[in-house]
Amino acid sequence: MSFSFFSENMSTELTGLFVEKPTENITAVAGMDLVIIAKVDSTTLTRKPTMKWLKGKWLDLVSKAGKHMQFKETYDRNTKIYTYEMKIIKAKVGDAGAYRCEVTAKDKCDSSSFEISVEGEDAGEDDGDLDFSALLKKVKEEPVIDVWELLKSAHPSEYEKIAFEYGITDLRGMLKRLKKMKVVEPKHCEAFLKRLESCYSVEKGKKIVLRCEVVDPDVPVKWLKNGQEIKPSAKYIMEANGNVRTLTINKTSLADDAAYECVVGEDKCFTEIFVKEPPVTITKLMDDYHVVVGERVEFEVEVSEEGAHVMWFFEDIELVKDKDSTKYRFKKDGRKHTLIIQEATLDDIGMYHAWTNGGHTKGELEVEEKQLEVLQDIADLTVRATDQALFKCEVSDDKVTGKWFKDGVEVLPTERIKMTHIGRFHRLLIDNVIPEDAGDYTFIPDGYALSISAKLNFLDPPKIHLDTTGNMVSQNTIIVVAGNKLRLDVEITGEPAPTVVWSKGDQVKATEGRMRVEARKDLSCFVIEGAEREDEGNYTICVNNPAGEDKAMLFVKIVDVPDPPENVRCTSVGEDCASIIWDPPVFDGGAPLKGYLMERKKKGSSRWTKLNFDVYEASTYEAKRMIEGVMYEMRVFAINSIGMSQPSLTSKAFMPIAATSEPIRLTVHDVTDNTCTLKWLAPEKIGAGGLDGYLIEYCKEGGTEWEVANQELCQRQGYVVRGLPVGEKVNFRVKAVNIAGHSPPAVLSQAVTIREIMEYPKIRLPRELRTKYIRKVGEKINLTIPFQGKPRPVATWYKDGQPIDPKMVNVRNSNVDTILFIREAEREHSGTYELVLQIENMEDRASLILRIVDKPGPPLKMKVTDVWGFNAALEWDPPKDDGNCEIIGYTIQKADMKTKEWFTVYEHNRRTNCTASDLIMGNEYMFRVYSENLCGLSEEAGVSKNTAVIAKTGHKRSPYKEKDTSCMPKFTQPLVDRSIVAGYSTTISCSVKGYPKPKIVWMKNKMIIGQDPKFLMRNNQGVLTLNIRKPGTFDGGKYSCMAVNDLGTDEVECKLDSCYDTCGRQQSVLGVGVCVCGTFGRYPKAKIFF
């Protein structure tokens, strides 16, 4: 088995954290105290390290802390070193064994192992601690135990105990292999008496024997490895001894870790061999190195086995062989492994690690720069034109090379400039020196952070060095902000020091005052305190010395904030916006304008609102988010690089008003040979500006010039465009106009051809005129009958087949209808009227019957035909004049001859006879009758020619014989099926007759309703009603009413359907209920119930 520190699950970095480790072998005297010390450097750690003391591989000794074992931790703030102590009080033999201290800090860890042995015979008895060395000795004395069998049969909770007891270092790998092993159920086999074990384990380099027994001692067997037959050799020895067959594998290696089979005929037995590889340890640790840049470094370690794999790391980066780089070389010589760094650099400083699967070592590399000593420095030089300049320096190392630089730029050799290196001397020779050669010269040795500098001064006439960085916008121009201070420092060179004179025009500037000149070494300072616009102009500086003279001219430009913009005005307005325009300021302050800032306010208010926060460059601006119908004022600020101007004068007040939206539903209503009738609807959005009218335009198809059809705005939503060319295709559009201007146009989707369209005549007779049209005498009659047809049809009226008399009836015709008008209707106007509509040889006809009605005349031949008891029989004839309509009844009145007061006996009597009852004995009565039709009662009455006298003489009445009116119950009006809406009270009713008075029983679904307060039952002279208060859906069903008396029984029933009101309400008009309970297409479907 093998153990690797670089497993995929390992996330902690193994680094050297110990400053002091415990000694590898510690000998303790039994009965004496023992102290083990370990120190950890926390300089590079981000948090406090954690220390664990372990015995063996698994036992954490913190759990054993007490009287026998104590732990201590201290910290030195100066050195930042943690000191950890483990103290064993009165050591015993049981304390002997392998120990390990392990320190971890976030993502770093380190460990150190050591061995403790206890000497002396007077050691005390074991207190119960685990004696690791004794256990190991027992394991050696006991017979060999197959660890695989132990793991297979053990419970998972005992895996760690077994691994600790038998020294398993790769427990996780063994458990994975164990999980993959196939569990083969033993089965009865005729070929094998004893099969191979399920698995074997062997250490690398040892011998292992696979043994099985067969039934037939003479049968041959085959041995297979991973399915391939094994041939006999010195490594693989196959033996047959009676029934026993063995396979011996000598000097096992990792290649022998495989699955093996023993084959007898068609039968097989299987096993698996696990080869345990001992961990590779490091026998010789790595040393630290301290070298100089460029030296060779060799880190060497020695491992326990030849050919072992060693991994090299620099800090936490693995070092591997790279074909493109020769910086690192790796060397193997037996058990020695070497990491070679050809030439060390400062980047190689750090910790280097060597890892094996059983060990780790590290070494630190320190690299120092080479020290170089300057024996002779470079001297400054001052030369004249055409002279020779020589720079020379001497360093301690004659092999050192270097480069020359002038003002930071490398100097390259030319015919005039030569560079030499002889021994420790480095020279730079410049022939025929020119002014450009003046400057700082530096020599830098290669590979050293060292530089040697000197200056070359050139003697020449005086020179003015202008530096206007930050103020100059063009050559020799200086910008100054008005009110600021100008201080111009001009460097002056020349030997001897030149004389400086400043002047503006012919005026020489003084050394004192607001505008003055100050002199300093190598500088001439020109100062202007509080610059003003008058200070702008050309300034001259003149320097001279015996070697010559130099002049320079400067232009000082004074800049200021600009003047405010002018003539701010509003050019157009919209619904919530306005277009503002202004003129740039007269004076821009001497600097280009960057843009403008705008503000607005409501008229009468003092609160200004900024419209833009970023500078706006244009001189026109559209202000938005304004309130329509409110007066606003604007002002503008100008901005240049100096600042912002004063605000402009406030603009004239303006009001945002929007044009309307376009008219909608523009359609062609009619087309003739030279006209086109258009109709449209008002715009959806009109706004505060209102609507003044419409503008109609047209143009020929394909043209771009629109002609105005109406010179004055059209107020109606329709217009007839006249004078159009016949046969042309013309496009039309309509615009709405208000104070804000024209709206977007409403345009027809396609051009209209100007040509009369023939259309058959058709009369659209209104529904109410299709039956008799009845009116009373004296009423006004105005009948409008629409029609259609093109060209314009001719409408002619006839009455009873004859043309109408224009003196009696007025007729007025238009393009689309005809009107029949009678100012006061008379009886003579009654008759059949016919309308004839003609277009050339085509016509359409329609008829209507007009009846003019009046009050009827009086009834005729009114008389009393018989008198008996207190009764009088009356008869009469219908009136001669029925008023041109049906007589609907008569009104009969009586009057006592004594009082002559009339009292009504009957109203709306439909027959021409009646009987007046309850007359008073001894009185004489006269009668009259009025006829009645739709117009009312006749103006005159028919009076009876004779009277009825009720005699006072005694009169013996014949005995009264009571009539038998008994009958069984019978419903004269049944119940009617209907639908009800849940939540709305409803009533069902029927009527019944019968004598004796029948008993009424109401039932629902054949169950008697009884005294349920939800139901209210009434009986009013045979009219039966059942009121259901706020019914629900469960109140639907079959309702029945039963009438019972002594003569029989009768029953009626109806069905009530209950549903929810889907629209949330019940409509009821004139006693009609509407229940919305479904949909049809996109519209609700209604049920109507009475």
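These legends accompany several close-up views of a predicted model. Residues are numbered from 1 along each chain as its sequence is written. In this predicted model, local features need pLDDT of at least 70 and side-chain atom pairs count only at pLDDT 80 or more, while totals for chains, interfaces and linings use all residues; side-chain values use heavy atoms, with hydrogens and water left out.

View 1. Patch residues have over 30% relative accessible area and no salt bridge, with like charges joined within 9 Å (nonpolar side chains, namely Val, Leu, Ile, Met, Phe, Trp and Tyr, are joined within 5 Å). Asp and Glu count as negative and Lys and Arg as positive, with His and the chain ends not counted; each charge is placed at NZ of Lys, CZ of Arg, CG of Asp or CD of Glu. Accessible areas come from the Shrake-Rupley method with a 1.4 Å probe, and for residues only the protein chains shown count as cover. E315 sits in the loop between β23 (311-314) and β24 (317-319); strands are DSSP runs of E with at least two residues, helices are runs of H or I with at least four, and both are numbered from the N terminus. E315 is partly exposed because its relative accessibility is 36% (buried means under 20% relative accessible area, exposed over 50%, partly exposed in between, with a 1.4 Å probe and protein chains only). E315 also has a positive phi, near 55 degrees, although it is not a glycine.

**View 2. A positive patch that includes K331.** K321, R329, K331 and K336 gather on the surface here. K331 belongs to strand β25 (residues 328-333), and its relative accessibility of 48% makes it partly exposed.

**View 3. A salt bridge between K231 and E229.** A salt bridge is a side-chain nitrogen of Lys or Arg within 4 Å of a carboxyl oxygen of Asp or Glu. Here the N to O distance is 4.0 Å. K231 is exposed at 56%, whereas E229 is partly exposed at 41%. The whole structure holds 36 salt bridges.

**View 4. D583 paired with R569.** The closest N and O atoms of this salt bridge are 3.9 Å apart. The pair links distant parts of the chain, with D583 in strand β48 (residues 578-583) and R569 in strand β47 (residues 566-573), 14 residues apart. D583 is partly exposed, at 29%, and R569 is also counted as partly exposed, at 29%.

**View 5. E599 and R635 in a salt bridge.** The closest N and O atoms lie 2.7 Å apart. E599 in strand β49 (residues 593-602) and R635 in strand β52 (residues 632-640) are 36 residues apart, so to speak from distant parts of the chain. Both residues are buried.

View 6. Most peptide bonds are trans.
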